[in-house]
Amino acid sequence: MLDLGCGNGGKLAELVADGATASVGVDVSGNFLGTPPPGLELVRGDLNELASMPGLAGRTFDRILFLQSFGYARDPVRTLREARAILADDGFILLTRTHPIRYAVERAEEHGTSLGEEYFSSAPFSYLSGWNDRISLTKRRYTVSDLVNFFSAAGLWIETAAEPQLSEDARAATRTSRSG
Ligand SMILES: C[S@@+](CC[C@H](N)C(=O)[O-])C[C@H]1O[C@@H](n2cnc3c(N)ncnc32)[C@H](O)[C@@H]1O
């Protein structure tokens, strides 16, 4: 497995404990677990430069993970193409990312604008980080179709896409209000 933007490598260490072998975690921070388990290599590197990353040269991976890290890809299609080049033939990429409707709802509530305007706006937005009031974060917007199209443009196909679902309580409330 290859985990791109792996943080301290803890999640990958769990997968290695569950049987993953010859795994590599890459993170730009270099702030890794003190003693990675055997079979896990943690490499400081930039996911924007996969093609020239020394730790990855000549290797292929059965699974490539982007867990909440794909937003750091400056050129998303290039990053996916470079990931595809080191993906085993029957391998797959697993990517999790915040659903963009969340940001649209937040911005619409903040600005008194419509959900549609915020969802389809291409202007980046900034907000204060939750952990340091001197650091603000800037996000580029994306829609669900942008994400799908990044995969197509990189020559990949999507086996499954999943969106967050309502909780059982919220689902039951929707059924009640519909039937009422
Ligand atoms: C939201 S955290 C997710 C960490 C981990 N994947 C998880 O699910 O817990 C995003 C991670 O991406 C890393 N990151 C940011 N820019 C990066 C880059 N250009 N190349 C590699 N890692 C990067 C950050 O250091 C951080 O560890």
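The model is a predicted one, where local features need pLDDT of at least 70, side-chain atom pairs count only at pLDDT 80 or more, and totals for chains, interfaces and linings use all residues. Residues are numbered from 1 along each chain as its sequence is written.

β1 and β4 pair in the parallel sense over two bridges; strands count as paired if DSSP finds at least two bridges between them. On its other partner, β4 (residues 61-67) runs parallel to β5, joined by six bridges.

Put together, the five strands form an open sheet in the order β3-β2-β1-β4-β5, with parallel pairing. β3 (40-44) and β5 (87-96) stand at the edges with a single partner strand each, so one side of each has no neighbour in the sheet. Neighbouring strands are turned by 15° against each other on average, direction ignored. Helix α1 (residues 10-17) packs on this sheet and touches β1 (2-4), β2 (23-27), β3 and β4; contact here means C-beta atoms, placed from the backbone, within 7 Å. The direction of α1 makes about 175° with that of β2, where axes are lines fitted to C-alpha atoms, for helices over the stretch in contact, and angles run from 0 to 180 degrees between N-to-C directions.

β4, helix α2 (residues 76-85) and β5 make up a β-α-β unit that is right-handed, that is, with the strands pointing away from the viewer, the path from the first strand over the helix to the second runs clockwise. The whole protein chain has six helices and seven strands, taken as DSSP runs numbered from the N terminus (helices H or I, at least four residues; strands E, at least two). Read from the N terminus, the elements go β-α-β-β-β-α-β-α-α-β-β-α-α. The C-alpha trace spans about 55 × 40 × 35 Å along its principal axes.

The chain splits into domain 1 (2-97 + 143-179) and domain 2 (99-140), with bounds from an automatic or database domain assignment. Their C-alpha centres lie 23 Å apart. Five residues from domain 1 and five residues from domain 2 make the contact. On the domain 1 side, these are two nonpolar, two polar and one charged.

As for the ligand, 15 residues lie around it, and Gly5, Gly7, Val28, Leu67 and Tyr72 come nearest; a residue is near if its C-beta atom, placed from the backbone, lies within 6 Å. The shell has six nonpolar, six polar and three charged residues, counting Ala, Val, Leu, Ile, Met, Phe, Trp, Tyr, Cys and Pro as nonpolar, Asp, Glu, Lys and Arg as charged, and the others, Gly among them, as polar.

Key
Two residues are in contact if their C-beta atoms, placed from the backbone, lie within 7 Å.
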